[in-house]
Amino acid sequence: MTSNSMYLAQLLQDMQDPVMMAEVKKMQESPEFQARMKAMQETPQFQESMKKTQEMMKDPEKVAAMQKKLEKSLAEGTAQLEAAKKAETGKKSGNPKKNRKKKNRK
């Protein structure tokens, strides 16, 4: 089972990959991407979210609470990601069970 915390951990790991970041840069420079981002930024939902975020960032207690929550989520996600990688490695190195269907003989 995947979680948002695991996705966060994977994202932060991916951001350390120069090849991945080069692809992101190319994508961000494309006119299509820029048009989609501009359209998203103009939506009332995005603007309201930005206002709430800016207000929250003015309160040091809220910032500290969010930082703590983020750190906890990242630690959980990293543990989940490592467990998933170990499980996947175990599947690849183990002997897979053979699931053969019996042939219908007439």
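# Exercises on a predicted helical chain

The accessible surface of the chain amounts to about 10000 Å², and carbon and sulfur atoms account for 57% of that area. The model is a predicted one.

## Exercise 1: The overall build

Determine how many helices and strands the chain contains, and what share of its residues is buried.

**Solution.** Step one is the count of elements: the chain has five helices and zero strands. Step two is their order, which reads α-α-α-α-α along the sequence. Step three concerns burial: of the 106 residues, 8% are buried. Step four turns to contacts between residues at least 6 apart in sequence, of which 67% join residues at least 24 apart.

## Exercise 2: H1 against H5

**Solution.** On the H1 side, the residues in contact include Ser-5, Met-6, Leu-8 and Leu-12. On the H5 side, Leu-70, Leu-74, Gly-77 and Leu-81 are among them.

## Exercise 3: A nonpolar patch

Identify the residues that make the nonpolar surface patch, and say where Met-15 is found.

**Solution.** The patch covers about 410 Å² and consists of Leu-11, Leu-12, Met-15, Met-20 and Met-21. Helix H1 (4–14) and helix H2 (18–29) each contribute at least two of the patch residues. Met-15 lies in the loop between H1 and H2.

## Exercise 4: Salt bridges

State how many salt bridges the model has, and describe the one between Lys-26 and Glu-23.

**Solution.** Side chains of opposite charge can pair when their charged atoms come close. With a limit of 4 Å between nitrogen and carboxyl oxygen, the count is four salt bridges. In the pair Lys-26 and Glu-23, the closest N and O atoms are 3.1 Å apart. Both residues belong to helix H2 and stand three residues apart, about one turn of the helix. Lys-26 is exposed because its relative accessibility is 52%, whereas Glu-23, at 43%, is partly exposed.

A further salt bridge joins Glu-29 and Lys-25, with 2.8 Å from N to O. This pair also lies in helix H2, four residues apart. Glu-29 is partly exposed at 48%, and Lys-25 is likewise partly exposed at 48%. Lys-58 pairs with Glu-55, the closest N and O atoms being 3.2 Å apart; Lys-58 is exposed, with a relative accessible area of 61%.

Note on methods. Residues are numbered from 1 along each chain as its sequence is written. This is a predicted model: local features need pLDDT of at least 70, side-chain atom pairs count only at pLDDT 80 or more; totals for chains, interfaces and linings use all residues. Side-chain values use heavy atoms; hydrogens and water are left out. Patches are made of residues with over 30% relative accessible area and no salt bridge: like charges are joined within 9 Å, nonpolar side chains (Val, Leu, Ile, Met, Phe, Trp, Tyr) within 5 Å. Accessible areas come from the Shrake-Rupley method with a 1.4 Å probe; for residues, only the protein chains shown count as cover. A salt bridge is a side-chain nitrogen of Lys or Arg within 4 Å of a carboxyl oxygen of Asp or Glu. Buried means under 20% relative accessible area, exposed over 50%, partly exposed in between (1.4 Å probe, protein chains only). Contact means heavy atoms within 4.5 Å.
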